[in-house]
Amino acid sequence: MTDPLDFLDEELAGLDAASLRRRVRSLSSAQDPEVVLDGRRLVLLASNNYLGLANHPRVVAAAKQAADEWGVGAGSARLISGGVTLHDELERRLAELKGQADAVLFSSGYLANLGTISALVGPADAVFSDELNHASIIDGCRLSRAGVHVYPHRDVDQLEKLLSDWRRDHAGDRALVVTDSVFSMDGDLAPLPDLADVCEAYRAILMVDEAHATGVVGPEGRGAVAHFRMEDRVPVVMGTLSKALGSAGGFVAGSASLCDYLRNRARAFIFDTAMPAPVAAAALAALDLLTLEPGRPERVRDRALRLHDELRLLGYEALAPDAAVVPVMVGEAQVAVDLAARLLDLGVLVPAIRPPTVAPGTSRLRCTVMASHTDDHLRRAVDAFAACAP
Ligand SMILES: Cc1ncc(COP(=O)(O)O)c(C=O)c1O
């Protein structure tokens, strides 16, 4: 008799054959510019710890102190008994950062997108989504059961066409336009002012995912919505605490009504145990550091531009970064895997990004820089790329 789970090994063998098998690597050190992997010290060009705060002494101290005071596990969802005053304070501070009236916390950015999109639109409605949006947006769209209309990357004319066609037959239904503000695998910015124009013309809700912009882009790292001074034109601003803010968890900022609606309707909020207090305290300390040491966002953007310029000089097809992500396009998955392996041998850890994360034929090395990278770290990284130059 055949084992009904035989497909597992068959599928894994298929992934191997296509150079698409993924394996978890386990570091034996913190997320610093240099990490230890299998006993070797490597320059890390793979982390979203953009401001270097995940291991900052003040952030770590805040988490420790909160663990002493509040314990670790939250014990239940916030609507049951898991809410503590730290959550309220963090929501207030995130609302302030984003120039909004209120904010609501989720346990992760992934859940924030799932919970918010599925609460805002349903089967009679429609979502319009950039083709390069993050998987958590795609999954939120699927979960909502709304009609999903994918528009070409940053193509506002196409979006307008799709939206106007749909609106003609759906006068009373809800339309949601959702986009990353900094695209996670391409590092470019969404055309937020043009998107807002289209949303306003066709009565669509605009939702912007600031996962890679928060802490990196805009005045004091307040994000791309603030960069374009569009706080009053983007009603749904989503973000994560897990990247530049060095902690974990997601949030949505917007009007008091939006946040209260989500606390009542977003299943990923209602049915999920609250964020642990040490995690919330760490994010609060990171927000303090954004104000106390305001040079970090600019420093990380400068590092990204420098890395981009140096890689271009070496002949690599590095895409111009709007934030901290510097993609180096290579094409086929196997080429990306081989290049990442050579760089690893030379002491640089950078991930090969392949389908299904990106479209076939667009595999790349996704370099990410941190404000805590020194000139020497970047020099070592560039030297390794030089040794593998095309
Ligand atoms: C654009 C975008 N949105 C949402 C998420 C999910 O955030 P989190 O890792 O906090 O779940 C990510 C991160 O992976 C992301 O890149």
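**Terms and values**

Tutor: The side chains of D88 and R78 meet in a salt bridge, 3.4 Å from N to O. The model is predicted: local features need pLDDT of at least 70, side-chain atom pairs count only at pLDDT 80 or more, and totals for chains, interfaces and linings use all residues. Residues are numbered from 1 along each chain as its sequence is written, and side-chain values use heavy atoms, with hydrogens and water left out.

Student: Why is the pair of D88 and R78 called a salt bridge?
Tutor: The term asks for a side-chain nitrogen of Lys or Arg within 4 Å of a carboxyl oxygen of Asp or Glu. The N to O distance for D88 and R78 is 3.4 Å, so the pair qualifies. D88 is in helix α4 (residues 85-97) and R78 in helix α3 (residues 78-82), 10 residues apart. Helices (H or I, at least four residues) and strands (E, at least two) are DSSP runs, numbered from the N terminus.

Student: How many salt bridges does a search of the whole structure find?
Tutor: The search finds 24.

Student: What domains does the chain have?
Tutor: Domain 1 is 19-48 + 295-387 and domain 2 is 57-292; such bounds come from an automatic or database domain assignment. Their centres, taken over C-alpha atoms, are 26 Å apart.

Student: What makes residues of domain 1 and domain 2 count as in contact?
Tutor: Contact means heavy atoms within 4.5 Å. By that rule, 17 residues of domain 1 are in contact with 17 residues of domain 2.

Student: How is the area between domain 1 and domain 2 defined, and what is its value?
Tutor: Buried area is the accessible area (1.4 Å probe) that two parts lose on being put together, summed over both. Here the value is about 1300 Å², with 58% from carbon and sulfur atoms. N48, P297 and D322 supply 37% of the area that domain 1 buries against domain 2, more than any other three residues.

Student: How do you know that D186 and R364 form a salt bridge?
Tutor: Their closest N and O atoms are 2.9 Å apart, and the cut-off is the one already stated. The count between domain 1 and domain 2 is one salt bridge.

Student: Which peptide bond is cis?
Tutor: The bond joining P355 and P356 is cis, with omega about 10°. P356 is in the loop between β13 (352-353) and β14. Most peptide bonds are trans.
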